[in-house]
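Student: Could you walk me through this structure, starting with the terms you will be using?

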Amino acid sequence: MKTSFHRSQTLGYKNGFAFSRLPTVGIGRERLYVNQLSQAELDELSKRPMLTYRQAKQAPPSGFIPAHVAFDKKILKFDAYFQEDVPLSAEEHYRIRQVAIYYYLEDDSMSVIEPVVQNSGLLQGKLIRRHRVPKNDGGDHYHWKDLNRGMNITMYGRLYRIVDCDPFTQVFLESQGIELNPPEKMVFDPYTELRRMPMHKYVTPSDFDQLKQFLTYDKQVLRFYAMWDDTDSIFGENRPYIIHYYLADDTVEVREVYKQNDGRDPFPILIKRQRLPKTFVDKKKTFPSCVLEISDQEVLEWYTAKDFAVGKSTTLLGRTFFIYDCDEFTRNFYRDKFGITDFQPVEIKKKPLEEVPQVIPPYNGFGVLEDSLQNCFSLLPKPPRKDVIKMLENDHRVLRYQVALESPNPEDRKRRFILSYFLSNDMISIYEPPVRNSGIIGGKYLGKTRVAKPGSTTENVMYYEPSDLTIGSTIEVFGHRFVITDADEYVLNYMESNAESFPTATLQSLRDHFRPRQVLKETAKSDIPMLGTSDQEMDELIVQVREEMKLHKYLNNKSIQEAFLQCDKDGSGILDKAKFLALCDSLSVPTNSFLVNKLIDLCSCGEDKINYRDFLRAFPCDLPPEAEEQDQQ
């Protein structure tokens, strides 16, 4: 009974190639005799063919193997070199470059590779990529039969000399019946070989034993205390240094002396430990004045221990150091070595600092002067101190004035502004009330700021004060001149309550300006008829109002006349003041104008009645017959 039902393997690989084979055993590992020859068949095959009347049997042809299978991974290697001209060099005229020529048998391709040499400065590596290299212009290509030792081969205009090959190449060519030439020696680059040779030094050995000096003076250092005077340069000063002279190898080191909170970065070494030249050999003019390294051939004399002494100046790398003291070990060394006994330390006197006057630059016009001035006193400016008591006492106290712009342009002369003076911080702001159809956009004209008087300087700044704001006076605000034409009654009341703080002329100008208004108010309260002089004053005022109303072209005098006549139903010519003001607002009459307010005061009859007929005289037009009769009455 079968217990195994495996099938034998018929596929396999050999030398990297797949092949099939006939099975020798069947299922269950039973031996197969079908695919094997019998003994009789083997004997028949072993017999030689005999001459018979029929043609002898031909032996089966051998299996065909392609070239890429037969010569796979079989490469011929030849050692060669080529000569390259170097026209722009005085040290070499040509250069020998060694290469390896590889011939791939599987596809008759070739490649040339140059071994990489470090620090050669040449582009090395693959000089000719792998491909079939043309032999001539006839379309022929190089074959392995064309390659041999001791011959020249030209590839792409460059002549290569083949000197040798590897053992595999030699065996292969000999097996193919090619007679190889004897190998040659590889030619080397003469300049590269010259670089590898040690340079000859024609220096006479010195009798001075440096090893003895090192063993004798190891860890023995001379210490000098010096000062570097750099006050001649900008921001220069006297700075202390410590000069160390190492006796073991005659080197010098300069270290800085740091103190706490001196404001300097921690770079303690000014000059690192090195031999310092004292006298140079006379150099040519073409020799650079600044060199990175100084050799013994360029220095005539180096600094030694005898070049340092207390009380003398020494120049090290362009800096002059004055030695004013040294330590105890240095004193003993100079006493024993050179016999010097004078080590009196020199007292260093500090030069008084020259006071540099602080020059304040001119004011550029940006920001508040006191705030901008803080940038000249500190890197981190602080806001100027404010008078807090004054701000608390005068909080929400504002003096308002009506001003007119003084300008050669007639359109600007008709503009009116409201100037506000804030008593809490002495700032001024200017606002222009918008006027319809004037072509000028009203609103804020000047933000809150302190305004300096003309002619004031940064050292002596004079700002406008309430005492400078009188009726009719002119103030200059950043190049614009304004004339004060009116003021609030609060201004007069505030100055009268604080009369000791203001000049008499300022207070008197306000009193003269407000006296007509006060007379009108008193007259209106007492119901006393106006005298003949008031009629003359009213006529003059009506003329002024007419001139001012000409600026307001949007007003229709006929509509104003008709509106007031329709409102006066009983024809008395008297209207309530509230009704009168409401009617003026609906007709866009500028009641906020000073002249119009003054005319309304003159037309008032008591506190709440107004004679609108006198008011309408400022707005003349062709009246209807009924209005003319009423006006005549």
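Tutor: Buried means under 20% relative accessible area, exposed means over 50%, and partly exposed lies in between, with a 1.4 Å probe and protein chains only. Helices (H or I, at least four residues) and strands (E, at least two) are DSSP runs, numbered from the N terminus. The model is a predicted one, in which local features need pLDDT of at least 70 and side-chain atom pairs count only at pLDDT 80 or more, while totals for chains, interfaces and linings use all residues. Residues are numbered from 1 along each chain as its sequence is written, and side-chain values use heavy atoms, with hydrogens and water left out.

Student: OK, so which residues of H15 are buried?

Tutor: In H15 the buried residues are Phe-594, Leu-595, Val-596, Lys-598, Leu-599, Ile-600 and Leu-602. That is seven of the nine residues of H15, a helix that is mostly covered.

Student: And what share of the protein chain is buried?

Tutor: Of the 633 residues in the protein chain, 29% are buried. The secondary structure of the chain comes to 17 helices and 24 strands. As for contacts (heavy atoms within 4.5 Å), residues 24 or more positions apart account for 50% of those with a separation of 6 or more.

Student: Let's do pockets. What volume does the largest pocket have?

Tutor: Its volume is about 1,400 Å³. A pocket is found on a 1 Å grid over the protein atoms alone, as an open set of points where a 1.4 Å probe fits, with protein on both sides within 12 Å along at least five of seven lines, and its lining residues have an atom within 4 Å of a point. Grid points are joined across faces, edges and corners, and the volume is the space filled by probe spheres set on the points. The largest pocket is lined by 40 residues, and those closest to its centre are Gln-402, Arg-416, Glu-548, Asn-592 and Ser-593.

Student: Which element gives the most to that lining of the largest pocket?

Tutor: H15 does, with five residues. At least two residues each come from strand S17 (398-406), strand S18 (416-422), strand S22 (480-487), helix H11 (504-526) and helix H15 (594-602).

Student: How does the lining of the largest pocket divide by class?

Tutor: There are 14 nonpolar, ten polar and 16 charged residues in it. Here Ala, Val, Leu, Ile, Met, Phe, Trp, Tyr, Cys and Pro count as nonpolar, Asp, Glu, Lys and Arg as charged, and the others, Gly among them, as polar.

Student: Staying with S18, is Ser-420 buried or exposed?

Tutor: Ser-420, which sits in strand S18, is buried, because its relative accessible area is 10%. Beyond the residues up to four places away in sequence, Ser-420 touches Val-398, Leu-399, Arg-400, Met-427, Ile-428 and Ser-429.

Student: What about the second largest pocket, which residues lie nearest its centre?

Tutor: Gly-236, Glu-237, Asn-238, Arg-239 and Leu-353 do, out of 22 lining residues, and the volume of this second pocket is about 850 Å³. Strand S10 (residues 238-246) gives the most to its lining, with three residues, and by class the lining has ten nonpolar, three polar and nine charged residues.

Student: How many bridges join S9 to S16?

Tutor: Five bridges join strand S9 (residues 221-229) to strand S16 (residues 319-326), and the bridge partner of Trp-228 in S16 is Phe-321.

Student: Last one, where is Ala-452?

Tutor: Ala-452 is in the loop between strand S20 (443-449) and strand S21 (474-477), and it is partly exposed, with a relative accessible area of 32%. The C-alpha atoms of Ala-452 and Met-462, ten residues apart along the chain, are separated by 5.6 Å.

Terms used:
Pairing = 2+ DSSP bridges.
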